[in-house]
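Here's a quick briefing to read alongside the model. Have the sequence and the 3D view open as you go.

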Amino acid sequence: MADAQTLTPVDTSGANRLPAPVLGGRLAPLTQFVRQPAVQRALPAIAMTAAIGIAALAYFTMQTAPQAQLFAGLDDADKAAVAEALQAQGIGHSIDGTTGALTVDADKLHQARIALAGQGLPKAAPSGDSLIAALPMGSSRAIEGEALRSAREADLSRTIETIDAVKSARVHIAAAEPSLFVRDDKPATASVMLTLQNGRALGDGQVQAIRFLVASSVPGMNADQVSVIDQRGALLSDTASGSDMKAFQLQLQVEDRFRRALDTLLGPMLGAGNYTVEVHADVDMSESQATRESFPENDRALTSEQITRSVSGTANAPAVGIPGALANQPPQATTITAEGPQPAPANAPLPGTESNENAARAYEVGREISVTHSPQGKLRRVSVAVALNQGKKALTQADLAKIDALVKGAIGYDAARGDMVAINQRPFAPVEDTAPAFYDQGWFLPLVKQVGAILAALLAFLFIGRPMIRAARQRAAARLEQNQALEETLLAATDRPALASGANSREITLEMIEAAPSYEARANLVRAFVRQDSARAALVVRHLMQEGARA
C-alpha cells in the first residue's frame with residue numbers, strides 16, 4: 001500500500017504539473033494544441049487576424065443592406081397583412097419614414113414576392129369583370145345597377161393608373177335615376193381622386209384627357225361635370241376651365257417666349273450672369289365680333305321689265321269689217337303738195353287720241369357683308385427691362401443703342417402700341433455662395449461610420465489584442481525557459497548509467513514523466529523509471545489497468 005501511495009504523488013506547488021482536466025478532459029486536446037511551440041509562435045498573427053476580423057465585423061454590422069420597395073401603392077390594411085406574412089416567413093422588412101413604403105433587402109426582394117404570392121397578397125382591387133361575374137342569381141335591379149356602377153368605376157381607375165405620373169386612382173360616379181319628365185333629368189357627375197408619384201405633376205392637357213376619358217365612358221355625362229383632385233386636396237380640373245387662369249397662363253407663355261428670345265440674343269454677347277431680363281406683357285383677353293353690310297353705288301343689274309300701253313279718244317277709224325260692195329269704192333283723188341308728208345313718230349298717237357304707257361323694271365342691287373372677329377389674347381402692350389453688369393469698362397452709348405435695337409427687334413417693338421424698352425448698366429453685387437456645412441453633406445455620415453469602425457478596430461487592437469499578444473509572448477518565454485530547464489534536468493537524469501545505485505542518484509517521479517516536453521524525453525524517462533524500480537513500474541501498470549476496467 002505504501003508503494004501504491006507513492007504512485008499517486010500530489011504536488012501542492014503545481015509548478016511541474018499540467019492543469020487539471022476541464023469538463024472531464026474534453027478540452028485537453030485543445031490545450032495541448034495551444035501549448036505547442038508552433039502555435040505559440042503564431043499567436044501574434046492569430047491575434048492580429050482576430051482584430052482585423054472584429055473590425056470587419058463591426059464595419060459590416062454598422063452598414064445597412066440596400067433596401068428595395070416591395071410593392072407600390074399599398075393601403076395600410078394591405079401593408080399590415082404583408083408585414084405579418086413577411087414576419088411569419090422570417091424575412092426582415094422595414095417601413096420608410098418618409099414615404100411609408102414597405103421595403104425589404106434587395107437580395108430578398110424576389111423571395112418575398114414569391115412567398116406573398118403564395119398567400120394571395122397583396123389583395124389587389126377587383127376588376128370590373130370579376131364584380132359582374134360575382135353577381136348572385138335573382139339580384140334586384142338596384143343591386144345590379146350598383147354592381148355595374150362599381151365595375152365601371154374599377155375599370156376606369158385601373159385605366160387611369162396606367163398614366164406614368166399617377167400612382168393610384170379612384171373614380172366615383174353619381175348618376176340619377178332616369179325620369180319620365182325631361183325637366184327632371186339630372187346629368188351624371190363624377191369625381192376622380194389621384195395619388196401622384198413623388199415629385200410628379202399633371203399638365204392641363206393630361207387633366208383634360210382624364211375628364212374626357214371618364215365623360216366618354218358614362219352615357220349622358222359631360223366633361224365639365226368631372227372633377228379631378230390630387231392627394232393634397234388641390235382641384236386640378238379648375239385650372240383648365242377658369243377664364244382668369246387661362247388669361248394668366250397665356251400671359252406667362254408670352255412673357256416666357258420673349259424672355260427666351262432675349263436670352264438667345266444677349267447670352268452669346270454678354271455672357272451668362274452679366275445681364276438680367278424682365279418682361280411684362282399686357283394681354284387683352286376680350287373677344288369682339290362686328291358685322292358690316294354695304295351697297296355699292298354702281299353695282300346694279302336689270303333683272304325684269306314690264307311695259308303697259310293704252311290708247312283712248314276719237315279719230316277716223318280704219319277700214320274694218322267684212323269686204324263687200326260698199327267697201328270696193330275707189331280711193332279719193334290725191335292732192336300733190338310741194339312738201340312730202342311728214343313721217344309720224346313711232347308710237348305717236350293718232351290724231352284725236354290719247355295714249356298711256358306704264359313700265360315696271362326690277363334691278364338687283366349689289367350687297368357686301370363683312371365680319372370682323374377679334375380673338376382673345378391680343379397683345380396690347382409690352383414692357384422690357386434689361387439690366388447690364390458694368391464691368392471694368394462700361395459700355396458706350398453706341399453699344400447701348402445697338403443692344404436697344406436688338407431688344408426691340410426681338411419683341412416686335414411697336415411705338416403706336418405703347419411698347420417700352422428700358423436698358424441700364426450698373427455693377428452687380430457679388431453673390432455669396434453659401435455652401436452647406438460639411439456635416440450636412442451626404443458623404444459625411446457614411447464617412448463617420450467607416451472611420452468609427454476603423455477606430456474601434458484600432459482601439460480593440462491596442463487595448464485588447466496588444467496586451468494579449470504581450471502576455472502570450474511572456475507566457476511563451478516563461479514556458480520555454482521552464483521546458484529548457486526541465487529538459488536539462490531530464491537529460492541529466494537519463495544520461496546516468498545506473499539510476500538506482502548510489503545515494504546521489506535522483507529519483508524519477510510521475511510528475512517528471514508527465515512534464516516531459518517531447519515524446520522522446522518521455523520515453524527515456526519511462527525506461528529509466530522501469531530500470532529504477534521494476535516492481536513499482538509493474539504496480540503502476542496494474543493500477544492503470546484497473547482504472548481502465550472501472551472506466
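**Overview**

The protein exposes about 39,500 Å² (Shrake-Rupley method, 1.4 Å probe; for residues, only the protein chains shown count as cover), and carbon and sulfur atoms supply 56% of that area. What you're looking at is a predicted model, where local features need pLDDT of at least 70, side-chain atom pairs count only at pLDDT 80 or more, and totals for chains, interfaces and linings use all residues. Numbering starts from 1 along each chain as its sequence is written, and side-chain values use heavy atoms, with hydrogens and water left out.

**The whole chain**

- The protein has 15 helices and 13 strands, taken as DSSP runs numbered from the N terminus (helices are H or I with at least four residues, strands are E with at least two).
- Of the 551 residues, 21% are buried (buried is under 20% relative accessible area, exposed over 50%, partly exposed in between; 1.4 Å probe, protein chains only).
- Take the contacts with a separation of 6 or more: residues 24 or more positions apart account for 69% of them (contact means heavy atoms within 4.5 Å).

- 3 strands make an open, antiparallel sheet in the order E1-E3-E2 (strands pair if DSSP finds at least two bridges between them).
- Strand E1 (67-69) and strand E2 (93-95) are the edges, each pairing on one side only.

**Helix H11**

- H11 (residues 397-411) has 15 residues and reaches 21 Å from its first C-alpha to its last, close to the 21 Å expected (1.5 Å times one less than the number of residues).
- Leu-400, Ile-403, Asp-404, Val-407 and Ile-411 are buried in H11; they cover an arc of only 105° around the axis, so they sit on the same side of H11 (the arc is that of the directions from the helix axis to the C-beta atoms).
- Lys-402 and Gly-409 are exposed, on the face turned away from the buried side.
- Just after H11, Gly-412 has a positive phi of about 70°.

**Around Ala-515**

- Ala-515 lies in the loop between helix H13 (510-514) and helix H14 (519-532).
- Ala-515 counts as buried because its relative accessibility is 17%.
- Asn-483 is 32 residues from Ala-515 in sequence, with 8.5 Å between their C-alpha atoms.
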